[in-house]
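Here are a few exercises to work through with the model open beside you. Try each task before you read its solution.

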Amino acid sequence: MKRRIHISFVCFYSLVSYFHSCTAFYLPGLAPVSFCDESSAGEDCQVRINQISKKVSAATFDFCQDTKERRPSENLGQVLFGERIESSPYKFKFNEDFKCKKVCTKTYKKGARQDMAKLDFLKMGMQLNYQHHWIIDNMPVTWCYDVEDGQKYCNPGFPIGCLVTMDGRAKDACVINSEFNKKNTFYVFNHVDIKITYHSGAAEGWRGARLVAATLEPKSINTDQTNPTCEGPPMEVPVDFDNDVSILYTYSVTFSEDNSIKWASRWDYILVSMPHTNIQWFSIMNSLVIVLFLSGMVAMIMLRTLHKDIARYNQVDQEDAQEESGWKQVHGDVFRPPRKGMLLSVFLGQGTQIFIMTFITLFLACLGFLSPANRGALMTCAVVLWVLLGTPAGYVSARLYKTFGGEKWKTNVLLTALLCPGIVFADFFLMNLILWVEGSSAAIPFGTLVAILALWFGISVPLTFVGAYFGFKKAIEQPVRTNQIPRQIPEQSFFTKPIPGIVMGGILPFGCIFIQLFFILNSIWSHQMYYMFGFLFLVFIILVITCSEATILLCYFHLCAEDYHWWWRSFLTSGFTAVYLFIYGVHYFFSKLQIVGAASTILYFGYTMIMVLIFFLFTGTIGFFACFWFVNKIYSVVKVD
């Protein structure tokens with residue numbers, strides 16, 4: 001039985017607070033917001049509940065909606081991730097408790113085709129364990145429940161309902177209540193008890209209160225729809241649509257004061273409950289073992305083998321030393337320009353841009369600037385950095401192309417600025433087109449696409465030309481001259497042939513990241529919060545070292561076999577890690593997710609291909625420059641006639 005992961009093309013609810021600040025000016029998402037208190041006469045301290053849709057959303061559930069409130073503003077990162085926040089009718093005032101307030105009633109009449117379709121879609125969501133996700137004051141409203149070993153897990157979401165199968169087996173959330181026992185029946189969670197905990201500033205000399213926790217408990221209640229009391233048996237929705245179905249949605253709110261929890265540590269109760277830390281440390285230790293092994297191999301080659309080779313080759317009195325076979329024999333061909341040098345230089349320029357962008361983004365995330373509290377900041381930062389880093393992309397691509405002896409500088413600059421971003425944008429646009437056709441609220445508005453194009457062509461492309469202008473001024477000087485006639489490459493063994501070497505080269509780097517990859521994919525596709533940026537940055541450093549050392553090792557072995565075609569092979573050796581990433585993505589799709597429909601399947605693999613392409617350029621660039629440094633280093637210290 002497949003594990004139920006909360007992936008869906010479903011519409012989720014969100015709570016977003018809009019309290020008037022009672023103290024001073026703050027940066028939104030980074031500084032505390034003071035809620036109004038009872039002494040603030042006339043202040044309208046209103047909470048708005050909003051709606052977001054997942055990136056893979058293809059349709060919208062028939063839940064209570066509010067058309068009066070305007071949608072709050074969203075940053076670029078939220079829009080690109082499909083976190084569209086819309087208004088909803090859940091409203092209440094600060095520090096005013098109430099019980100069983102009616103939201104709306106949804107009625108589905110037997111025989112009405114439209115009602116039947118809506119109810120069937122709701123049942124599908126309950127069967128696949130789709131989730132509501134709410135936020136208040138930029139913080140998720142969590143459902144906390146006890147798990148094994150006496151620990152408590154706080155899930156930033158709660159299911160829309162659950163199912164008891166025909167054989168009486170309670171699935172997913174139906175196990176929490178013994179009353180959910182009727183066979184072949186759905187139970188919809190139509191009531192929530194919301195508890196908001198705040199930190200009062202009265203004892204500390206500042207006015208108002210700050211939210212430090214927001215939890216809820218979902219319930220299924222079939223109550224009187226005229227005068228609801230929120231008491232009664234569970235709300236049953238039979239599998240077979242034999243009679244009219246009417247669902248009343250209600251909620252209760254209670255406030256509690258807890259001055260022991262500071263605003264700065266209000267995320268702790270969520271993060272502590274996530275049992276990922278031990279697994280992360282296991283992953284780090286596993287990766288460090290691989291790094292130490294590779295480092296030992298490289299050190300042995302550099303300090304022993306290469307040192308002896310160079311000392312022997314540089315001994316003038318040994319005439320036969322010059323006749324030795326090995327990497328020294330190909331010194332006159334090792335810097336021969338590669339085939340398709342234009343394409344290689346373009347890939348390396350884009351890879352440099354992605355590498356710098358990733359490094360700066362993760363570094364800022366480690367410092368806390370891109371924390372989960374600042375919604376959409378991670379994607380916004382990455383996009384802005386990518387746009388501003390057009391100059392190093394143009395410089396690297398142009399200088400390498402000049403080194404390869406290329407003369408079509410205009411074509412090189414245009415391909416650097418347009419090829420890879422164009423492929424990503426075309427893929428992204430096609431995926432967005434599917435969301436438009438399916439009517440998903442996760443679809444990116446046309447205006448946002450125009451804004452992205454404006455950033456691309458208005459800022460990134462000109463900066464690429466600026467970098468290329470300086471890059472074309474001077475080629476990289478090689479330590480040895482290249483012969484006019486290419487040297488014949490001897491017959492290679494199976495392990496020194498290009499394809500086996502490339503396939504083997506990506507295994508070790510992927511082994512360093514695959515555990516971290518599980519949490520990243522969960523964060524993207526299962527709407528789970530990702531906060532372990534320290535671990536991610538450490539894995540990033542390990543990945544850079546592993547790609548570099550694995551490529552250097554294989555490059556040395558190939559040069560010793562007198563195969564001097566190392567340019568493309570160094571790029572593809574570490575870049576092949578992206579192929580393993582794609583294979584893992586396919587495995588994750590079939591083993592961890594339950595996606596229904598062709599549209600959502602296409603969306604998943606479409607977005608996965610974007611990640612694979614970016615990762616291919618990123619890892620390939622790391623391997624190439626490591627190998628480039630290694631080859632230049634060893635051939636610059638030998639004497640050549």
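**Exercise 1.** Work out which residues make the nonpolar surface patch of about 660 Å², and which helix gives the largest share of the patch.

*Solution.* Start with the rule: a patch takes residues with over 30% relative accessible area and no salt bridge, joining like charges within 9 Å and nonpolar side chains (Val, Leu, Ile, Met, Phe, Trp, Tyr) within 5 Å. A salt bridge here is a side-chain nitrogen of Lys or Arg within 4 Å of a carboxyl oxygen of Asp or Glu, and areas come from the Shrake-Rupley method with a 1.4 Å probe, where only the protein chains shown count as cover for residues. That gives Phe429, Leu430, Leu433, Trp436, Val437, Phe446 and Val450. Next, sort them by element: helix H8 (409-438) and helix H9 (446-471) each give two or more residues, and H8 has the largest share with 5. Helices are DSSP runs of H or I with at least four residues, strands are E runs of at least two, and both are numbered from the N terminus.

This is a predicted model, so local features need pLDDT of at least 70 and side-chain atom pairs count only at pLDDT 80 or more, while totals for chains, interfaces and linings use all residues. Residues are numbered from 1 along each chain as its sequence is written, and side-chain values use heavy atoms, leaving out hydrogens and water.

**Exercise 2.** Is Phe446 buried or exposed?

*Solution.* Buried means under 20% relative accessible area, exposed over 50%, and partly exposed in between (1.4 Å probe, protein chains only). Phe446, found in helix H9, has 58%, so it's exposed.

**Exercise 3.** Find where H9 kinks.

*Solution.* First check the span: H9 has 26 residues and reaches 36 Å from first C-alpha to last, close to the expected 38 Å (1.5 Å times one less than the number of residues). Then look at Ser460, where there's a kink of about 30°, shortly before Pro462; the bend is the angle between axes fitted to the seven residues ending there and the seven starting there. Ser460 is also one of the buried residues of H9.

**Exercise 4.** Why is strand S14 (residues 209-219) called largely enclosed?

*Solution.* Count burial first: 8 of its 11 residues are buried, so the rest of the structure largely encloses S14. Now the partner: strand S13 (residues 191-200) pairs with S14 in the antiparallel sense over 10 bridges, where pairing takes at least two DSSP bridges. Ser200 stands opposite Ala209 in S14.
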